[in-house]
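Visitor: I would like to learn how to read helix packing and aromatic pairs in a model. Could you take me through them slowly?

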Amino acid sequence: MNPGGTHPGPGDPDQLFAPEEAAALLNVKPQTLAKWRMGGRGLGPHFVKVGRAIRYRRATLVSFIEGNTFTNTAEARSGLREH
């Protein structure tokens with residue numbers, strides 16, 4: 001488990017999260033992460049295989065959130081962000 005809680009922000013960028021913890025952080029179901037992993041379309045965050053276990057790095061999850069943050073729906077539809 002994750003002793004630091006499932007909150008983005010400061011912390012060890014290499015900290016690993018179990019799929020359930022990563023899903024809680026992203027506010028999606030663990031099944032959604034599984035679909036993203038198996039879909040082959042690159043929709044979800046990159047993951048790490050540790051033996052048979054799937055893990056997500058904190059830095060990857062934070063980057064995924066930042067990369068999917070938009071100011072309006074037109075921007076989200078186009079996939080282009082204005083800063």
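Guide: What follows takes up a helix pair and then a ring pair. This is a predicted model, in which local features need pLDDT of at least 70 and side-chain atom pairs count only at pLDDT 80 or more, while totals for chains, interfaces and linings use all residues. Residues are numbered from 1 along each chain as its sequence is written, and side-chain values use heavy atoms, with hydrogens and water left out.

Visitor: How are helices α1 and α3 packed, and at what angle?

Guide: Two packed helices are described by the angle between their axes and the distance between the axes. Here α1 (residues 19–26) and α3 (residues 58–67) pack at about 30°, with their axes 11 Å apart, and they are therefore roughly parallel, a label for angles under 35 degrees.

Visitor: Which residues make the contact?

Guide: Ala22, Leu25 and Leu26 of α1 meet Leu61, Phe64 and Ile65 of α3, where contact means heavy atoms within 4.5 Å.

Visitor: How many aromatic pairs are found in the whole structure?

Guide: A pair of aromatic rings is described by the distance of the centres and the angle of the planes. The search finds two pairs, counting rings with centres within 6.5 Å. In one, tryptophan 36 and phenylalanine 64 have centres 5.7 Å apart and planes at 50°, so the pair is tilted (planes under 30 degrees apart are stacked, over 60 edge-to-face, the rest tilted). Tryptophan 36 lies in helix α2 (residues 30–39) and phenylalanine 64 in α3, 28 residues apart.

Visitor: Is phenylalanine 64 buried or exposed?

Guide: At 16% relative accessibility phenylalanine 64 is buried, whereas tryptophan 36, at 23%, is partly exposed (buried is under 20%, exposed over 50%, partly exposed in between, with a 1.4 Å probe and protein chains only).

Note on methods: Axes fitted to C-alpha atoms, helices over the stretch in contact; angles between N-to-C directions. Helix = DSSP H or I, 4+ residues; strand = E, 2+ residues; numbered from the N terminus. Parallel < 35°, antiparallel > 145°, perpendicular 65-115°, else oblique. Phe/Tyr/Trp six-rings, centres within 6.5 Å; stacked < 30°, edge-to-face > 60°.
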